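This report describes how the parts of one protein chain are arranged. Please consult the sequence and the structure while reading.

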Amino acid sequence: MDLDNYRNFLAVVENGSITGASEFVHIAQPALSKQLKMLENFMGAKLILTERGSRRIVLTEAGRILYQKAKYICSLEDLAKEEILETRKGAAGILRFSVSNSRSAPLIHRILKKFSALYPDVSFEIHETGFYEQSQQLLNGITEIGVLSTPVQSEDDFEELFRRYEYLAVIFNKNSKWLKHPERKGMQLADLHKIPLCISTGCHEILKQSCNDVGFVPFILSINTSRYTTLQWAMADAGVAIAPIEAGENLGEEFRVKKLLDVQADLYKSVVKVRNRPLSPLAFKFLQFYQENSDSQCLCDMRKLEQESKI
């Protein structure tokens, strides 16, 4: 039976007459009467009686039973619609990110690929740039979520939501002439003696300080503004790259990655938003997904974030 028949039956009962229900549901009275007759035939029982000398209706015992059940059936449909709408709330639109240079690949492979499969109506804008440009994009509302490879420099402007730790690694071409012990997982700074090193700008000071601590003078071939360019030197086997790596990150079959064991540095990637600025429903849904599907350290109160964003 079509649910509209149940809804129209409820309208007849709650309006007290077929005439009143007809006006309420915008169906002609003869058509509504015919629909009611079809419902009685379907149920095999008289559902309503009309009082003598009045247009008011009276429910039969069968009618009272159907009224209760129809209320329940229609409420289930309404609840299902509400829940389905809720699951899709904020699940369509454009997510805009400011991401540190060359750091989009892990985000895409670990998180965005799964999120996109779950919410196919969402599209993405990813702006890869340095910290200053990232901060300006976020503050100006061009993007909503930032993925930074440097510590938050202005806590008054930005709130750090998640933190994912990294380590400094030596990255070789798989056939590199400098790769002496491919089976080893780590190596010391001293093992890099006379090897041309290519390093991203953000790690240069860390490497320099670590080398000073152990009395090692590195041969720096190239300092680059992005990790991508640093890796190109290793891919060409013109040098060996030194760059931050996430635990479990896969750079591809062409590289061999070894952790620098004697470098003590607090390296991490941060997910941030502008402080005291409410999130869009879509951005909040993404952060919920990120929390559930990433092993990053959560630094925020998601319930408070939800309240602040008035989701």
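The largest nonpolar core holds 26 residues, and Leu95, Phe97, Phe115, Ile145, Phe286, Leu287 and Leu305 touch the most other members. A nonpolar core is a set of buried Ala, Val, Leu, Ile, Met, Phe, Trp, Tyr and Cys residues joined through side-chain atoms within 4.5 Å. Buried means under 20% relative accessible area, exposed means over 50%, and partly exposed lies in between (1.4 Å probe, protein chains only). At least two residues of this core are supplied by each of β3 (93-100), α5 (104-118), β5 (145-148), β6, α9 and α10. The largest share, seven residues, comes from α9. Helices (H or I, at least four residues) and strands (E, at least two) are DSSP runs, numbered from the N terminus.

The model is predicted: local features need pLDDT of at least 70, side-chain atom pairs count only at pLDDT 80 or more, and totals for chains, interfaces and linings use all residues. Residues are numbered from 1 along each chain as its sequence is written, and side-chain values use heavy atoms, with hydrogens and water left out.

Which residues does Phe286 touch, not counting residues up to four places away in sequence? They are Leu95, Phe97, Ile111, Leu112, Phe115 and Ile145, where contact means heavy atoms within 4.5 Å. Another core, of 20 residues, lies apart from the largest one and has Phe172, Ile199, Leu260 and Val263 among its members.

**Two packed helices**

Two packed helices are described by the angle between their axes and the distance between the axes. Helix α9 (residues 281-293) and helix α10 (residues 302-309) pack at about 175 degrees, with their axes 11 Å apart. Axes are lines fitted to C-alpha atoms, for helices over the stretch in contact, and angles run from 0 to 180 degrees between N-to-C directions. The two helices α9 and α10 are therefore roughly antiparallel, a term for angles over 145 degrees. On the α9 side, Phe284, Leu287, Gln288 and Gln291 take part in the contact, and they meet Met302, Leu305 and Glu306 of α10.

**Strands**

Strand β10 (residues 240-246) is mostly covered, since seven of its seven residues are buried. Val240, Ile242, Pro244 and Glu246 point one way from β10, whereas Ala241, Ala243 and Ile245 point the other way. Two strands pair if DSSP finds at least two bridges between them. Strand β10 pairs with β6 in the antiparallel sense over six bridges, and Glu166 stands opposite Glu246 in β10. Strand β8 (residues 196-200) and β10 run parallel and are joined by three bridges, and Leu197 stands opposite Val240 in β10.

Not counting residues up to four places away in sequence, Glu159 touches Val271, Val272, Lys273, Arg275 and Cys300.

Most residues other than glycine have a negative phi, and most peptide bonds are trans.

Conventions. Parallel < 35°, antiparallel > 145°, perpendicular 65-115°, else oblique.
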